[in-house]
Amino acid sequence: MMMKLSRQFTVFGSAIFCVVIFSLYLMLDHLQLDHTKSPNNGGDKLQNGQLSILQDKIDRLERLLSENNEIIANIRDSVINLKESVKDGRGGLDGGNMSQGHYLELLASPPLVLPIDSQDCQFATREFSKPLLDVYDLLTFDNHDGGVWKQGFDITYQDNEWDSEPLQVFVVPHSHNDPGWLKTFDDYYRDQTQHILNNIVVKLHEDSRRKMIWSEISYFSKWWDNIDNQKRDAVKRYLFEQGQLEITTGGWVMPDEANSHYFALIDQLLEGHQWLERNVGVKPQTGWAVDPFGHSPTQAYLLKQAGLANMLIQRVHYSVKKHFASQETLEFFWRQNWDPASSTDILCHMMPFYSYDVPHTCGPDPKICCQFDFKRLPGGRVNCPWRVPPQPITDGNVQQRVQMLLDQYRKKSKLFRTKVVMVPLGDDFRYAEALEWDQQFQNYQKLFDYMNSHPELHVKAQFGTITDYFNALRKLSIEPGHPSASLPVVSGDFFTYADRDDHYWSGYFTSRPFYKRLDRVLESHLRAAEILYSLTLANIQRFGKLNDFPAVENNRLLTEARRNLGLFQHHDAIAGTGKDMVVIDYGTRLFHSLLNLNQVIVNSAHWLVLKDKSAYSHNPSKAFLQMDDIQPSQDALPQKNVLKISSQPRSVVVYNPTEQDRTSVVTVYVNTPHVCVITDHGHPVPAQVSAVWDDSTTPHQDLAQVPALGLGLYQLSTAVSGGAETAEYVFLRQGGELSVNMKHFTVNIPQDRLKLKENGSEHQIKVEFAWYGTTSNRDKSGAYLFLPDGEAKMYSPARSPVIRVTKGSVFSEITTSFDHVTHTLRLYNVQGVEGQAVEICNLVDIRREFNHEIAMRLASDVDSKDRFFTDLNGFQIQPRRTMAKLPLQANFYPMTSMAYIQDPGTRLTLLTAQSLGSASLVSGQLEVIMDRRLNQDDNRGLGQGVLDNKVTPSTFRLLLEKRAKTDGGEKPSPLSYPSLLSHVSSLYLNHPLISMAVSTEAQSLSLTAFTPLASSLPCDIHLVNLRSIQSKDGGGPSDEAALILHRKGFDCAFSNRNTGLLCATTQGKVNLFQSIIPVSLTLMHTTEGGSSKEEIRLKPMEISTYRVQLT
Ligand SMILES: [Zn+2]
């Protein structure tokens, strides 16, 4: 299967690698200063004397290398020559055909003007009338006591309101099963969930009027694997076919909507839906999300694209709920804010009250509703905190109990526009025991029987699934005949959630950041492995036989990785709100899957780079390729393997998982500083040798240029004379000033002022760190909540930090070692995307702090006022406003892939490689919380603080872009889009090149580069995934894959400097070699007009899935 861009221009592929190593600097261990071990004296050891020894050593090294200068010069010359030839080659942009697979080494040629189709710029400049009410502007957030409904208001009604049209009540039994929180996934399954599912089969069968819904396929599938066929048939026939049991959403989990990236949101939904299709043949129609801590329109869009018609949300700010209730807008069509029509509309129900438990679902008064939770009957393990217990329903009390309950139903229904009301009946891990089923279902049936047999009550009450309810609602609101009930349209998101008072749930945007980062690493490895594996299956089809390629085994590893990543999207997993041992369980799963995915990647790459496929042999104990980067345990930082270099060339395979041809720096650790790097065609590759500062190896940075989704080949060998250029080092301690220049950037030290030059204008950006403490009030910050003790205090280290400056031909960097942060600013000297941004790497360690959170703050002269922008799930941008009427913690928002501030002339974007909480509290500022250590529980059920902090990496890129002046200044708009450069930079940041060393025994085999695409995909088209589809029996891969494409929305209004993008835009058009079949997002439905196509066209922002044959 191949994709091909309509021939816009030819491919350049090749790589520039550089590398070096050495062990000269062992003494530099001191330099790392072991702050963690001896905070009070470590740094002071570094006296000038030692620095001069260091300098001597560096000088010696340089002398050693100076003899190689000639060779370096030759390399440079050859690069320049290549540049020239590339420029010439560009003449043939339209028809020119640099023979595919034959790559020239080059740096992207400088005067490259992006071929952007002007029509593609219209999307971001469109304006259309919007139904969005900026609710936050209207609200006062006064938190009035509303009486029995504390966060609401008194609800009244007339007795005769239902005389002409009776009230329809659907009571929806549910059981919320967290796949890990206080217990691990397996422990919950063993202790509770399996009993709940077993009882569903028995207890629904007892009475066909009973109903139940189920959401988490992770649990359902585990249970399914453990039951016999007879039970499976009963589930399928009696429950699904008769409509007693409904699968809601059908994802692997009920995902966190703040921290999850849309890649993982789609993947876990696809995994759940694929499982359902293969095993039970049901297609979910309605989403059910009662517990995620805030809601994102991205999830609404994905459910719509997957073919769902309805959805339900619950955790929304109490003031917003109250406002929606007062306007009767709790049921609405949720529309994406870029959608000018209604194609993204999905019918959404927002639950009005405080919680999804029984006391807060039957109506406004929890004291009454609690009496209708029959699990709380006297003598049981749970009771009613309002001190009035439930009573069993008897002939003697049924009339009175019905009156009480009906009053609540009627009041609840007054918040909605139709005469049908939905009442969830359940809680966490409910319906585990047979007794509880009898208590709830028998007592409710008595209430319903009484209601339904008394016409004067004008009510029809029954158990229902959530889709039963939505079907009734649609009859009364959307279908003709009830125009008065037409439902409103709402756009935007529901962050940041507060459940009461000033308790904003902005802490979990950052909690357990080590695992938020690990999640992103696993995502990029999963995507890389999926794509490479699918390409390998296709390649094998063409070759005709498998040899012993482990297709089935790798398929199993992929499936397990999908499921572990899916599990981690759960709203207590990536959120960082589980118990310590549950966090370790998740971490171990992620870690094992990372190792397994590395196997899939090296197995596939092995097949693809072999010139003679018949020479393929799979021997797990003797790997052909070795992954360069290995994480030693679930809570450790990744480590690099050291490549032993000799005079015999050592081959390295570099995989580019992005859909754009790309030039990036690859770092390899080698055991000698005398290294040279060449491509498989023998062309030298620019390289830089740098020291590794804490052990005996040396990293070597190479510039690799690899075709889209392809595998490049490089050879490293010791240089007899010459080799890669060595970086220079300067150390600063007290005093001393220095500035580092590269391209658009100047960094001044020690002020850590970053100067960015862009088309003549210059901006100063200061990178600072700051501490937040927690409030002295009774309720304090915890895993969920951020309750700071006022504004942050600037980080002021007790002693001045050690600063190490590296200057090199490929990159330069400044590393500042504070007690709590090792902060690196890195500038790439690369003509291309990598050279456009400053990379920021922080290694944070707050393990010895008490109730502290550490933030990185960027202070700039951008006149952003109170406005800033954060992304939602890496999918779309949501404009934000910092509001003085809200407490500080309410002004923090989730940042999954980026945040930016702007004024009419400039946009400053912080791209992130991990989800973290962010804010812009002052004009010109952007800040992110990098880690939080909290010594107490925050009373949301977790029962512990957050004290399992680790040495945590966080990586960012900072991009300054010049905006085309807009007339009349900044009009607040509900829409904003990143530039293409920003999109591609984000892609590079999240999907680094993957390098693998060919084992020394296998060096004799002849290898070939692999180039699956004729050229880059259009700049605005992202290959979300190419995911092999399992065979019907589930035992291995089928000959099909799901191709998921996303056309990004982008803003053209940025200066047209050379951004180094090696791609164009095509109005969303993608040409394919072969026909593909459009399907719904998760393959469940064949889409309208779903005939196979060879050319497809995506609308801006659209995500579409296609079935493709792997041939
Ligand atoms: Zn939950």
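Asp 178 is buried, with a relative accessibility of 1%, where buried means under 20% relative accessible area, exposed over 50% and partly exposed in between, judged with a 1.4 Å probe on protein chains only. This is a predicted model, in which local features need pLDDT of at least 70 and side-chain atom pairs count only at pLDDT 80 or more, while totals for chains, interfaces and linings use all residues. Residues are numbered from 1 along each chain as its sequence is written, and side-chain values use heavy atoms, with hydrogens and water left out.

Asp 178 sits in the loop between strand S2 (167-176) and helix H6 (185-206), whereas Asp 291, 113 residues apart from it, sits in the loop between strand S5 (286-289) and helix H10 (297-305), so that the pair links distant parts of the chain. Here helices (H or I, at least four residues) and strands (E, at least two) are DSSP runs, numbered from the N terminus. Asp 291 also counts as buried, at 6% relative accessibility.

## Helix H9

Of the 18 residues of H9, 15 are buried, so this helix is largely enclosed by the rest of the structure. Just after H9, Gly 281 takes a positive phi of about 65°.

## Nonpolar cores

The largest nonpolar core has 251 residues, and those with the most contacts inside it include Phe 220, Tyr 409 and Met 996; such a core is a set of buried Ala, Val, Leu, Ile, Met, Phe, Trp, Tyr and Cys residues joined through side-chain atoms within 4.5 Å. Helix H16 gives the largest share of this core, 15 residues. A second, separate core of 21 residues includes Phe 333, Tyr 356, Ile 466 and Phe 470.

## Ser 491

Ser 491 lies in the loop between strand S11 (489-490) and helix H16 (513-543), and is buried, with a relative accessible area of 5%.
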